[in-house]
Amino acid sequence: LSVEKDERPVDLGIAIDSSGSFRKFLGAGVTAAKSIIHTRRSDDQVFIERFIDTPKIQRVQDFTSNKAVLVQAIDKFYVEGGPSAVVDGVYTAVNYVAEHNKAVPGRRKAVLLITDGEDRNSAYKAEKLIDLLRQQQVQVFVLGFTMDLDESSGSTKFSPRAKAEKLLKSIAEESGGRAFFPRDNDQVMNATLQF
């Protein structure tokens with residue numbers, strides 16, 4: 001049994017958390033996104049989304065193969081206050097990727113999610129997102145910057161970090177993608193090479 005790299009052209013959404021809780025990691029997230037953009041092939045198409053809370057999910061760059069245009073869009077990212085809606089951000093990106101090039105067979109569909117995973121304000125439940133992932137066959141790859149989330153937990157509930165990592169792992173695994181939880185810049189760059 002050999003596992004070969006998927007060589008199909010990809011329709012990729014890059015969804016980046018821009019909420020206040022992600023302030024410390026936005027720079028690393030932007031660098032990772034640029035690294036992934038630079039490794040895309042000419043027939044790959046990428047769109048970029050930033051999300052804060054549910055009313056603030058914005059497509060900052062529509063699908064294009066132009067790497068310079070994509071990098072320019074990411075360079076304009078900034079953090080905004082508001083409770084993050086991770087599930088809603090992914091749901092929106094997955095739907096958009098699934099619809100793009102729908103009539104063109106043989107394209108891979110994927111979303112790269114860059115976040116701390118702390119969902120505070122999504123309208124959709126995680127189960128609804130998982131149903132969508134199964135239906136649309138969009139893989140989600142996660143760069144989860146969870147290292148600053150609180151690790152202490154009460155007797156009946158997960159710690160904020162455990163809760164965030166559980167959510168991000170389930171989104172990635174259910175979609176056939178992978179979740180990475182880098183602890184330093186080297187691990188961030190290694191994770192981008194796995195995509």
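Is R161 buried or exposed? R161 is buried, at 14% relative accessibility (buried is under 20% relative accessible area, exposed over 50%, partly exposed in between, with a 1.4 Å probe and protein chains only).

Before moving on, note that this is a predicted model, where local features need pLDDT of at least 70, side-chain atom pairs count only at pLDDT 80 or more, and totals for chains, interfaces and linings use all residues. Residues are numbered from 1 along each chain as its sequence is written, and side-chain values use heavy atoms, with hydrogens and water left out.

R161 and E151 form a salt bridge, with the closest N and O atoms 3.4 Å apart (a side-chain nitrogen of Lys or Arg within 4 Å of a carboxyl oxygen of Asp or Glu). R161 lies in helix 5 (residues 160-175) and E151 in the loop between strand 5 (139-144) and helix 5, so the pair ties together parts 10 residues apart in sequence. Helices (H or I, at least four residues) and strands (E, at least two) are DSSP runs, numbered from the N terminus. E151 is exposed, at 56%.

Next, select E165 and R183. Their salt bridge has its closest N and O atoms 3.4 Å apart. E165 sits in helix 5, R183 in the loop between strand 6 (179-180) and helix 6 (185-193), 18 residues apart. E165 is buried at 14%; R183 is partly exposed at 38%.

Finish at R41 and E7, a salt bridge of 3.0 Å, N to O. R41 is in the loop between helix 1 (26-38) and strand 2 (45-51), E7 in the segment before strand 1 (10-17).
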